[in-house]
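Let's take a friendly walk through this structure.

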Amino acid sequence: MTAALSARGLSKRYGKTTALDAVDLEVAAGELVGLLGPNGAGKSTLVKIACGLVRPTAGDVRVAGATAGSRAARASTGYLAELFRFPGWARAEEVLALHQRLARSDGGAAEREALLARVGLEGEGGRRVETMSKGMQQRLGIAQALIGDPRLVLLDEPTSALDPGGRRTVRDLLVGLRDQGVGVLLNSHLLSEIELVCDRVVIIDGGRVVTEGRPEDLTAPGGVEVETSEGVRRLPDARREDVPRIVRELVAGGAEVYGVSVISGTLEDAYLAAVVGRDG
Amino acid sequence: MSDAITIAAHALREAVRRRVLLVVALLTAAFLGLYALAAFEAFASLERTSGGFIPIDERALAGGTLLGLAMFVALFLGVVLAIFLTLGAVRGDAERGLLQPLVVRPVGRTTLLIGRLLAASAVCAPYVVIVFLVATLITQAAGDFTPASLVVPAAGLALGVITVVAISLLGSTLLGTTANGIAIFMVFATGLAAGLLGQIGDALAVDSLTTASSIVSWIVPFEALYQNGLHALTADIDGAAGVIVQLGPFGGASNIGAAIWPWAVAWSAAVLALAALAFRRRDL
């Protein structure tokens, strides 16, 4: 099956500055990939190349098999920029209707209503953008990105202005997209969001991919914590499969066990190890 | 083409919703009111003071000068409108984050520019024609003065502002909003100054000035179209009145010739093509 996004040897230079250096990345259909990295790592540049806003210096980037930036590729892409704005005078309905026309979507009013409901803006179609909160505008931006059933959705910091409820809505929406077979590349600084929803994580730094893998593979085990009558003990080298033996030994030794927790490392630990450890 | 029309309709809706057109209509009405007052007063004054030593068609002198002034103001206001409708079309909108959601759609960047050109032209060209025609009607009502030609000045104004729209769009791909606005106003002022210098050159028979003015007129064809229009406006005023009108700032001493029409169209198309090339190469 054709990948939603495929980048091979992707490089981008701005004068003497290298923003991306021989990056390989793939987002399969129905896969949710999180893109992590410090500021200036090249994440936004990568996303912008994928949607045709920026031209690569070298490499091959394809969206659903079409060269990135081509008309066919753009017809298959939904994009929410990190810094975007819709005209303040326009109503939510008008913004979506304009993008429907440009995306050649024949979904009409039904699609607009469904998208507004999907991002939690039901009944707000007649509202002007200038009267919307930043979070509402971000939801509208996500609705706009989903017009025309794109095969690849590129989201650059889509939850930065959202409250916890809004983030939950977006998480559910992302899972729904994955279930529909849409490839999603999610660029975010919110590691917890990425850890919760992404199938795979790619960490880039200095324009290069420094590590990638499934969140559970990137997060190292953090030991086992046992609460006994003598207090809480932490066994940093223990693993989940050691728990029955640990409990047996403690009980045999006369201790009373009240609780056991298997501690796993976080994506933040993995991220810092990949980025800070590399820098250090 | 339907995408260009969609973009043009979006830009026009913005102009209406942001009350740009309302403000322009109100201020233009104020200008035309002042113009009517001046025209009626001027012709009434002629009635009271007619009969001097030199035989002169004072009605034609006043009518030609007043309509020349109206034509200049129509061009100026049309150029202001053209610049403000387009000065941030590319870099300005990109810096504000308005452009990116549109550019990622399966619409060519050239189509986006054509849409903006259509929208601004659809406002500015009819605007200058209407202002000029209303001023002509006022002049006729005030002093029974009819210009030698209506079509050439009106068409010259319309095509002139379209050339300014094209330059402004090109500037918007290269410069930020403020810099582009300043640059296009300076280009406009340079064109007008060159036209005035050409008239001085004609009057004083200084060939170098006339040649320089003519070259500038071809480089920025709105000036040549304006000069042609002025010339056509007063072409049938002869005698002493004709000489005075031709020497005045609104007289139009030079007729660039009919070649300016296809040149201005080709020039606008070439400028738009350059803008499209610059836009295609720009990372957003």
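## A sheet in chain A

In this predicted model, chain A has an open sheet of three strands, ordered E12-E11-E13, with antiparallel pairing. The edges are strand E12 (231–235) and strand E13 (257–264) of chain A, each of which pairs on one side only. Ignoring direction, neighbouring strands of this sheet are turned by 15 degrees against each other on average.

Take a look at one of these pairings in detail. Strand E11 (residues 221–228) of chain A and E12(A) run antiparallel and are joined by five bridges. Which residue of E12(A) is the bridge partner of A:Thr228? The partner is A:Gly231.

## A helix on the sheet

Helix H9 (residues 243–252) of chain A packs on this sheet, where it touches E11, E12 and E13 of chain A. The direction of H9 makes about 150 degrees with that of E13(A).

## Where chains A and B meet

Now to the contact between the two chains. Chain A brings 23 residues to the contact, and chain B brings 19 residues. On the side of chain A that touches chain B, the elements giving two or more residues are helix H2 (71–75), strand E6 (77–80) and helix H3 (92–103) of chain A.

Which element gives the most to this side of chain A? That is H3(A), with five residues.

Terms used:
Residues numbered from 1 in each chain as written. Chains lettered and ligands numbered in written order. Predicted model: local features only at pLDDT ≥ 70, side-chain atom pairs only at ≥ 80, totals over all residues. Contact = placed C-beta atoms within 7 Å. Helix = DSSP H or I, 4+ residues; strand = E, 2+ residues; numbered from the N terminus. Pairing = 2+ DSSP bridges. Axes fitted to C-alpha atoms, helices over the stretch in contact; angles between N-to-C directions.
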